[in-house]
Amino acid sequence: MRILISNDDGYLAPGINALAEALASIAEIIVVAPDSNRSGASNSLSLDRPLTVTRAANGFYFVNGTPTDCVHIALTGMGDALPDLVVSGINNGQNMGDDTLYSGTVAAATEAYLFGIPAIAFSQVHHGWEHLDSAARVARDVVLRKFDMLPSPFLLNVNIPNLPYEALGPLTPTRLGRRHQAEPVIRSQDPRGREIFWIGAPGACRDAGEGTDFHATSTGLVSVTPLQIDLTHQSQLALLKQGLA
């Protein structure tokens, strides 16, 4: 099996290094990741400038672009053999509920999915890398599952509580929860007195009931959410057809 690994925290992040180490024993791996932290980049592509690919001393490749750039370049510009699977992460913090729309971690996996390649995004629920070894072990377990019951390609979003491996609950199928709207921006000034704005913190959970990713991880379970790309609002499409007839 050949696996492409990427992330949004950058090629030096502990999460991607732990993930690569965990998967190297079960697959041929190639790592192509951003040169720096690109959290919140979502599915953006860099169209206003050329990109460079550099090989680091540890064999990883890093790109001066977004997570989506990295996967796009790896799949279309770096060799002939496509990977059997693309994995992204392990992210420093959760990617659940509405946050998946902003996540560079999920976006890297999504780009592979759009190319017809199965993909999995991995995140730890809390920041700080506590019990990262456990999360990497879970990621290895998930990859070994192969998910033959799912049509290919599939796109999975996995969130892992920061717990010792033995304390983690089983892999649990979930749906995305929902949040309230984000906190207001934080207004400040730079050293020259110009007004600046910091994006505020995520909002509180609005839907964290049983069956959601928020609920599963809060009880120590590993959340596995299948994602899709179709944004069409099907019920409103039917109403629109009636209204425009």
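Here is a short chat about a strand and a pocket in this predicted model.

Modeller: Ground rules first: residues are numbered from 1 along each chain as its sequence is written, and side-chain values use heavy atoms, with hydrogens and water left out. As the model is predicted, local features need pLDDT of at least 70 and side-chain atom pairs count only at pLDDT 80 or more, while totals for chains, interfaces and linings use all residues.

Colleague: How many residues of strand E5 are buried?

Modeller: Strands here are DSSP runs of at least two residues, numbered from the N terminus, and E5 covers residues 85-91. Buried means under 20% relative accessible area (1.4 Å probe, protein chains only). E5 is mostly covered, and the buried count is seven of seven.

Colleague: Which residue in E6 stands opposite Val-87?

Modeller: Two strands pair if DSSP finds at least two bridges between them. E5 and E6 (residues 119-124) run parallel, joined by four bridges. On that E6 strand, the residue opposite Val-87 is Ile-120.

Colleague: By class, how many charged residues are in the lining of the second largest pocket?

Modeller: Asp, Glu, Lys and Arg count as charged; Ala, Val, Leu, Ile, Met, Phe, Trp, Tyr, Cys and Pro as nonpolar; the others, Gly among them, as polar. The lining has nine nonpolar and seven polar residues, and the charged ones number four.

Methods: Buried < 20%, exposed > 50% of the residue type's maximum accessible area, 1.4 Å probe, protein only.
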